[in-house]
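Biologist: I have a structure to learn from. Can we go through it step by step?

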Amino acid sequence: MTHNRRHQRRFAFQVIYSLVFGQKMSKDALIKSFDNFWTEEEFDMERQDSYAWTLVEGVFDNYDSIDEIITQHSQHWKLNRIAKVELTILRLSLFEMLFCPDIPIKVAMNEAIELAKDFGDDNSKTFVNGVLDAAAKGAQRNEHKTIQSGNMES
């Protein structure tokens, strides 16, 4: 059975969340962990063809840069003080916002808020929304600066 992106996003969230509790993981261990979860689902596609794998692998490959963005935009919060659920949601959503041009930023943010409602506490959605909103505005400012500097060189 092919599941929509929302279902695959939820699946990816659960895999990424499970990684928060382990040691620094290798790509081979990531694949093994993903495949263990994958076999319990009834997906009719291969791992590498799934949106869930795109998300999990993307977060894994861009972990440091995503965490840097979270640190920049989570005012007065260090990464180790952010709840694991919210941190996982932020990582997943920021990957979509920054590296998945076919996903509108608003969609990535809305999906993150839905995950926060389902998996977080009463304050999760507000915190997640605040950090993502700041990151989105920062990304737009950076794009704008790039456009301006490009126009100045012409």
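Biologist: Is the crossing of α2 and α3 left-handed or right-handed?

Modeller: This is a predicted model, so every answer here rests on a prediction. The axes of α2 (residues 27-38) and α3 (residues 51-61) come within 11 Å. The crossing of these two helices is right-handed.

Biologist: How are α2 and α3 directed relative to each other?

Modeller: Their axes cross at roughly 150°. Angles over 145 degrees count as roughly antiparallel. The pair α2 and α3 is therefore roughly antiparallel.

Biologist: Which residues make the contact of α2 with α3, and how many of them are charged?

Modeller: From α2 come K27, L30, I31, F34 and W38. From α3 come A52, W53, V56, E57, F60 and D61. Eight of the contact residues are nonpolar and no residue is polar, while the charged ones number three.

Biologist: What is the handedness of the crossing of α1 and α3?

Modeller: Helix α1 covers residues 5-19. The axes of α1 and α3 come within 8 Å and cross at roughly 35°. Their crossing is right-handed.

Biologist: Which residues bring α1 and α3 into contact, and how many are nonpolar?

Modeller: On the α1 side are R5, Q8, R9, F11, A12, V15 and I16. On the α3 side are Y51, A52, L55, V56 and V59. One contact residue is polar and two are charged, and the nonpolar ones number nine.

Biologist: Which helices are among those that cover the buried residues of α3?

Modeller: Start with the buried residues, those under 20% relative accessible area. In α3 they are Y51, A52, W53, L55, V56, G58 and V59. Their cover includes α1, α2, α4 and α5.

Biologist: How do α4 and α5 lie relative to each other?

Modeller: Helix α4 spans residues 63-73 and helix α5 spans residues 84-99. Their axes come within 10 Å and cross at roughly 105°. Angles of 65 to 115 degrees count as roughly perpendicular. So α4 and α5 are roughly perpendicular.

Biologist: Which residues meet where α4 touches α5, and how many are nonpolar?

Modeller: Helix α4 brings Y63, S65, I66, D67, I69 and I70. Helix α5 brings L87, L90, R91, L94, F95, L98 and F99. One is polar and two are charged, and the nonpolar count is 10.

Biologist: Is H76 buried or exposed?

Modeller: H76 lies in the loop between α4 and α5. Its relative accessibility is 82%. Exposed means over 50%. H76 therefore counts as exposed.

Biologist: What is phi of H76?

Modeller: Most residues other than glycine have a negative phi. H76 is a residue other than glycine, yet its phi is positive. The value is near 65°.

Biologist: Which residues are buried in α6?

Modeller: Helix α6 runs over residues 105-119, 15 residues in all. It reaches 21 Å from its first C-alpha to its last, close to the 21 Å expected. The buried residues in α6 are A108, M109, E111, A112, I113, L115 and A116.

Note on methods: Residues are numbered from 1 along each chain as its sequence is written. This is a predicted model: local features need pLDDT of at least 70, side-chain atom pairs count only at pLDDT 80 or more; totals for chains, interfaces and linings use all residues. Side-chain values use heavy atoms; hydrogens and water are left out. Helices (H or I, at least four residues) and strands (E, at least two) are DSSP runs, numbered from the N terminus. The expected span of a helix is 1.5 Å times one less than its number of residues. Buried means under 20% relative accessible area, exposed over 50%, partly exposed in between (1.4 Å probe, protein chains only). Axes are lines fitted to C-alpha atoms, for helices over the stretch in contact, and angles run from 0 to 180 degrees between N-to-C directions. Angles under 35 degrees count as roughly parallel, over 145 as roughly antiparallel, 65 to 115 as roughly perpendicular and the rest as oblique. Contact means heavy atoms within 4.5 Å. Ala, Val, Leu, Ile, Met, Phe, Trp, Tyr, Cys and Pro count as nonpolar, Asp, Glu, Lys and Arg as charged, and the others, Gly among them, as polar. A crossing is left-handed if the near helix is turned anticlockwise from the far one by less than a right angle, and right-handed if clockwise.
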